[in-house]
Amino acid sequence: MKFYNFELKHLFDFLISLELVGKQNRMRTRFCKLIGEQINDIIEQRERLILEFSKKDDNGKPLVETIDESQVKYHLNDIDSFNNELNLLMFEEFVIEESETNRDMLLTVGDILTNLAIPLSGQEAFQYDRYCEAFERLNYTN
């Protein structure tokens, strides 16, 4: 099963927002832990790219400008190269092995998604469709 890195945060947030109990909750949590590790790795790699491409102060720290309480602006040497590298990172595929170990988790999360009975619209509906397609392609026979 494959997802692009840029899809993982929304998928994580979407799955976590669902009210589930029992086995469905456990398998969803296991799946979210798996993709959460990748999300953390993406964040670390993005930070390395910022460090690589940012202008530095006298102490070698990236120069930043505080926009507001939740936003900062980094001063980059080469914005185009940074954006290119960041796009490459975000379009990398994250592969979840369709192994016997992951079988129950993937089938359960797939069942949760494909049988979801909540209204979706706009961009969220398109993203949901993409997630369902990924799970519908699982190579398990029931």
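**Close-up views of a predicted model**

**View A. The residue E97 sits in the loop that lies between β4 and α4.** The model shown here and in the following views is a predicted one. With a relative accessibility of 56%, E97 counts as exposed. When neighbours within four places in sequence are set aside, E97 is in contact with N102, L106 and Y140. The chain also brings E97 and M1 to a C-alpha to C-alpha separation of 6.5 Å, although these two residues are 96 residues apart in sequence.

**View B. The residue E93 has its place in strand β4, which covers residues 93–95.** The relative accessibility of E93 is 43%, and E93 therefore counts as partly exposed, a class that lies between the limits of 20% and 50%. Apart from neighbours within four places in sequence, the contacts of E93 are with K2, F3 and Y4.

View C. Around F3 itself, with residues up to four places away in sequence not counted, the residues touched are L8, L11, F31, E92, E93, F94, I96, R130, Y131, A134 and F135.

**View D. Helix α2 (residues 22–53) packs against helix α4 (residues 100–114).** The angle between these two helices is about 110°, and their axes are 9 Å apart. That angle makes α2 roughly perpendicular to α4. On the side of α2, the residues that take part in the contact are K23, Q24, M27, R28, R30, F31 and L34, and they meet D104, M105, L106, T108, V109, D111 and I112 of α4. Sorted by kind, the residues of this contact divide into seven nonpolar, two polar and five charged.

**View E. The residue N25 is another member of helix α2.** Its relative accessibility is 27%, and N25 therefore counts as partly exposed. Although N25 and G110 are 85 residues apart along the chain, their C-alpha atoms are separated by 13 Å.

**View F. Helices α1 and α5 pack against each other with their axes 11 Å apart.** The angle of this packing is about 95°, and the two helices are therefore roughly perpendicular to each other. From α1, the residues E7, H10, L11 and F14 meet E124, Q127, Y128, R130 and Y131 of α5. The residues of the contact divide into four nonpolar, two polar and three charged.

**View G. The residue E124 is found in helix α5 and touches residues of α1.** Leaving out residues up to four places away in sequence, E124 touches H10 and F14. The C-alpha atoms of E124 and F14 are separated by 9.1 Å, while the two residues are 110 residues apart along the chain. With a relative accessible area of 32%, E124 is partly exposed.

**View H. Strand β2 (residues 64–68) is joined to strand β3 (residues 71–74) by four bridges.** These two strands run antiparallel, and a hairpin of two residues carries the chain from β2 to β3. Individual positions can be followed across the pair: D68 stands opposite Q71 in β3, and T66 has V72 of β3 as its bridge partner.

Conventions: Residues numbered from 1 in each chain as written. Predicted model: local features only at pLDDT ≥ 70, side-chain atom pairs only at ≥ 80, totals over all residues. Heavy atoms only, no water. Axes fitted to C-alpha atoms, helices over the stretch in contact; angles between N-to-C directions. Parallel < 35°, antiparallel > 145°, perpendicular 65-115°, else oblique. Contact = heavy atoms within 4.5 Å. Nonpolar A, V, L, I, M, F, W, Y, C, P; charged D, E, K, R; others polar. Pairing = 2+ DSSP bridges. Buried < 20%, exposed > 50% of the residue type's maximum accessible area, 1.4 Å probe, protein only.
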